[in-house]
Amino acid sequence: LVDMLMTCKEFKVCYPLLRKLDELQGSNARQLCMQAVCLTCMHKYNQAALLLEQASMLNPDSLGIQKLMLMVYENSGNEEKKLEVLLHLEELMPENSSITTETGLCLMKLNRFQEASQRFYKLELEEKRVVPSMRAIAWCALQQKKYDTAMRYYTKLFRIPGAPRWEDYLNGGHVAWITGDIPHALSLYHQYIK
């Protein structure tokens with residue numbers, strides 16, 4: 001019945017039955033995850049996170065559990081907890097460029113630009129997601145007041161056909177302005193306006 005209700009997305013009906021199963025049989029990682037899915041669909045992210053943490057204790061290297069936790073923390077806006085999960089996923093899948101990118105972006109949201117830029121340098125060296133990595137490196141450098149590095153990366157972006165976006169010209173203009181290169185800043189701001 002629980003499996004059928006989950007398939008039919010009847011989460012409000014399914015959740016109490018899963019709780020009853022816990023009382024009768026005890027918890028296991030699968031049931032805890034199913035309860036967490038129900039709670040997530042009911043927008044009860046904190047309760048879902050607690051259940052997923054319990055499931056993770058029972059099965060710490062389960063990618064499915066880790067990805068569910070990532071989704072719950074994303075929906076709840078808990079960037080610190082999301083980062084913890086991403087760092088664990090990086091350990092489990094060190095060559096996964098999506099996880100590396102997500103970790104870098106999460107670090108940027110937490111204003112940890114040095115750590116974020118290290119992820120994007122890695123991606124650039126591995127020639128994975130090169131243009132987005134260059135953009136992220138430039139932004140991180142700008143935030144850290146490493147203006148030479150920021151301008152170097154924005155200039156690289158400007159040389160790649162189709163790569164620059166409006167925000168690259170705007171941010172590049174800011175870097176040029178901050179460093180006192182007003183003519184270059186004006187040129188970049190005009191590109192941004194176009």
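Tyr-154 and Phe-158 share helix H10, which spans residues 147-159. They sit four residues apart, about one turn of the helix. The model is predicted. Tyr-154 is buried, because its relative accessibility is 1% and the cut-off for buried is under 20%.

**Aromatic rings**

A pair of aromatic rings is described by two things: the distance of the centres and the angle of the planes. The count in this model is four aromatic pairs. Two of them are set out here.

| Ring pair | Centre to centre | Angle between planes | Class |
|---|---|---|---|
| Tyr-154 and Phe-158 | 6.4 Å | 20° | stacked |
| Phe-158 and Tyr-169 | 4.8 Å | 0° | stacked |

Why are Tyr-154 and Phe-158 called stacked? Their planes meet at 20°, and planes under 30 degrees apart count as stacked.

Phe-158 belongs to helix H10, while Tyr-169 belongs to helix H11 (residues 166-178), so this pair ties together parts that are eleven residues apart in sequence. Is Tyr-169 buried or exposed? Tyr-169 counts as buried, at 16% relative accessibility. Ring pairs join Tyr-154, Phe-158 and Tyr-169 into a cluster.

Another ring has a charged neighbour. Lys-156 lies over the face of Tyr-153, 4.3 Å from the ring centre.

**Glu-90**

Now to another helix. Glu-90 is part of helix H6, residues 79-92. Its relative accessible area is 17%, so Glu-90 is buried. Which residues does Glu-90 touch, leaving out those up to four places away in sequence? They are Ile-99, Thr-100, Thr-103 and Arg-119. With Arg-119, the side chain of Glu-90 makes a polar contact of 2.9 Å.

Methods:
Residues numbered from 1 in each chain as written. Predicted model: local features only at pLDDT ≥ 70, side-chain atom pairs only at ≥ 80, totals over all residues. Heavy atoms only, no water. Helix = DSSP H or I, 4+ residues; strand = E, 2+ residues; numbered from the N terminus. Buried < 20%, exposed > 50% of the residue type's maximum accessible area, 1.4 Å probe, protein only. Polar contact = N/O pair within 3.5 Å; in protein donor to acceptor, adjacent residues only side chain to side chain. Contact = heavy atoms within 4.5 Å. Phe/Tyr/Trp six-rings, centres within 6.5 Å; stacked < 30°, edge-to-face > 60°. Lys NZ or Arg CZ within 6 Å of the ring centre and 35° of its normal.
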